[in-house]
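Please keep the sequence and the structure in view while reading.

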Amino acid sequence: MTSEKTQAQAQAPATPPQPSGQRDGYPWRRVLFGCSVVLLCWGIGLYREYQETADLRIKQVQDWAFAKIWTHASGSCAERVDPYRRPLWSEQIRGNVLEIGPGLGESLLQLSRKKLGSRYVALEPNPYLHEALAENAKKAGFGSIHYDLLTCPNAAELNTGGETPVLSIVNGTLDGMVPQYVRDHAPYDTVVSSLVLCSVDNPQATLDSILELLVPGGRFVFIEHVRHTDEMDLSVDASVYASGSFNIKAWGWMQELLTPIWSLVGGNCHLNRRTAQLLDDMKGWSSVRYTTLSKRSISIECPTTISSVHSLRQIQQFPPLKAWLQSLDQQPISVTKLSIQSVDAFKSGKIGFIKFATDAHCGDRRIPGIVFLRGGSIAVLLILRTHKKPRVASYLDPDYCVMVEQPRVAVPDSKLQELPAGMLDDGVGVSTAVREILEETGIRVEGGDLVDLGSAYPSPGACDEEVGLYACEKYVTEEELERVKDRLGGLSDELITVRLVRVCDLWRQTSDMKALAALYLWDRQSNEI
């Protein structure tokens, strides 16, 4: 048995070793690789064949995604930008205006309407932001909204008639073919952009178009985020680089690395743009002025008796304090330390007032640094008329001004008569004014009825409060006038009574600074008209 088995084994042919790729019986790897190559080539071919349509679809998806993201992110961005943007917008923007990339329209709320011309053109290339842009334009007091028929879908259905100023919404950019509507309404007294030059495809072409669209002597007003600066930027105070220059360079490198990815999800935003250098190198401007802003290091000291009730984080998040700290970057005032002395909150627990002492210097001189922080407010000179008549000076005006009478402990006076007023909680003067008038007097007015008289600081030596002053003329019947007299208004603990005072007697009957300032500004505006 043993010999037969051995012989059979010897006669069997030797089986050669199988190649490694054929051990499974089928070349799956080669098939999968080949299919991948075919699919890739097919995709490239389809893209080339339908490139225009594909690019359009991709842009629509990017615009939709960015609109969703920006709707949620714009609030925190506005908190950081508004302390710088508010004074710039209210003081520098005037006449007929072209704004590129207004987005949701938050910047419209910072404008001084009395300085605007009859038309404001908003050039926004993302159609998913147009609805919110129109809503904020109405809040800002624009009389009507007009959509460009050539670039905005459903423009004929959306267009509304109304009074000036008119805000026109145009879909397009300035770095390619400038929309015909923008050219037809040129030249402009002011071109404005807020965090936009970072996201245009060709910033140089955009700046060239801006220069072309401006009137001689016109101005381009902008606020922009740029690549992290370095020691060569002479607009930055040298003390910023006293330590940590490597950190500044590292941030610049990081921005360069992140830009390719960030631009895909951030509405084409480029973190590494050197906008100031583009402006400096560009010919055609009579002058170029800009300031590079940076945060300063300020320590906040808070005693345990306060921090045990209100955490340091709560204090740091107090909006008026954040705005005050950011505003320091625009002034040659140095502050290195804040010592919190008191914090007062409303019944809801929300912080309402903070008092602190500062170690403040202007140049090399120490300056008084006690601050009572409460944020801004608004007041409205509301005049009720029963008949239309030519406007006359206030000391001759027989019609009635609405005042609210309430006890004020700080004065003290149990029957102090003031203009309807309130704290600026949401940062929007017009909407706050409309709400306060309704709450305190029961009278309903529209945002478009309000006239912006400007603003004033009642006590700039110690308090940050900036009072926005508005005026409103409302025509009522004799019966409506009688219903307003001696009406109880306001919240239950405010003890407010509505009083009607003749405009010609107002300066004699009140010591309210807001009323006297508004009356004076109303008269000045009447003289200009």
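## The chain as a whole

The structure is a predicted model. Its protein chain has 529 residues, and 39% of them count as buried. The secondary structure of the chain consists of 16 helices and 19 strands.

Contacts between residues at least 6 apart in sequence join, in 63% of cases, residues at least 24 apart. The accessible surface of the protein chain amounts to about 30,700 Å². Carbon and sulfur atoms account for 55% of that surface.

## Helix α4 and its buried side

Helix α4 spans residues 130–139. Its buried residues are H130, L133, A134, N136 and A137. These residues lie on the same side of α4, because the arc they cover around the axis is only 165°.

Several strands take part in covering this side. Among the elements that cover the buried residues of α4 are β2 (116–123), β3 (144–147) and β4 (166–170). After the helix comes G141, which has a positive phi near 100°.

One of the residue pairs is V343 with its bridge partner I354 in β9. The two strands β8 and β9 form a hairpin, with five residues between them. The turn of this hairpin contains G349, whose phi is positive at about 95°. As a general point, side chains in a regular strand alternate between the two faces of the sheet.

## A nonpolar patch on the surface

A nonpolar patch on the surface is formed by W251, M254, L258, W262, L264 and V265. Together, these residues have about 630 Å² of accessible area.

Is W262 buried, exposed or partly exposed? The relative accessibility of W262 is 40%, so this residue counts as partly exposed. The class follows because partly exposed residues fall between the limit of under 20% for buried and that of over 50% for exposed.

Conventions: Residues numbered from 1 in each chain as written. Predicted model: local features only at pLDDT ≥ 70, side-chain atom pairs only at ≥ 80, totals over all residues. Heavy atoms only, no water. Buried < 20%, exposed > 50% of the residue type's maximum accessible area, 1.4 Å probe, protein only. Helix = DSSP H or I, 4+ residues; strand = E, 2+ residues; numbered from the N terminus. Arc of directions from axis to C-beta. Contact = heavy atoms within 4.5 Å. Pairing = 2+ DSSP bridges. Patch = residues over 30% accessible without salt bridge, like charges linked within 9 Å, V, L, I, M, F, W, Y side chains within 5 Å. Areas by Shrake-Rupley, 256 points an atom, 1.4 Å probe, with all protein chains shown as cover. Salt bridge = Lys/Arg side-chain N within 4 Å of Asp/Glu carboxyl O.
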